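Trainee: Can we walk through how the labels on this one come about? I'd like to set each value against its cut-off.

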Amino acid sequence: MGEEAYKTMGRAGAASITVGVILLVTGIVTGIISIVAGAALLKNKSKILF
């Protein structure tokens, strides 16, 4: 019984680390895309005619 608990805890820990890494990478990529898009908007704002 105790061995099952340790295996389950090990799997849950590994899954948590995996999800954390995926979220970290996704957050960094999203931040970079936002910065690039914002810079492009600021760069081209003088070309907008109303």
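Trainee: What share of the 50 residues counts as buried, and how do you know that?
Mentor: It's 0% of the 50 residues, where buried means under 20% relative accessible area, exposed over 50%, and partly exposed in between (1.4 Å probe, protein chains only). Mind that this is a predicted model: local features need pLDDT of at least 70, side-chain atom pairs count only at pLDDT 80 or more, and totals for chains, interfaces and linings use all residues. Residues are numbered from 1 along each chain as its sequence is written, and side-chain values use heavy atoms, with hydrogens and water left out.

Trainee: Why is Ile33 called exposed?
Mentor: Its relative accessibility is 55%, so Ile33 counts as exposed.

Trainee: And what makes Ala37 partly exposed?
Mentor: Ala37 has a relative accessible area of 40%, which lies between the 20% and 50% cut-offs, so partly exposed is the label.

Trainee: Where do Ile33 and Ala37 sit?
Mentor: Ile33 is in helix α1, residues 2-43, and Ala37 is found in helix α1 too. Helices (H or I, at least four residues) and strands (E, at least two) are DSSP runs, numbered from the N terminus. The protein comes to one helix and zero strands.
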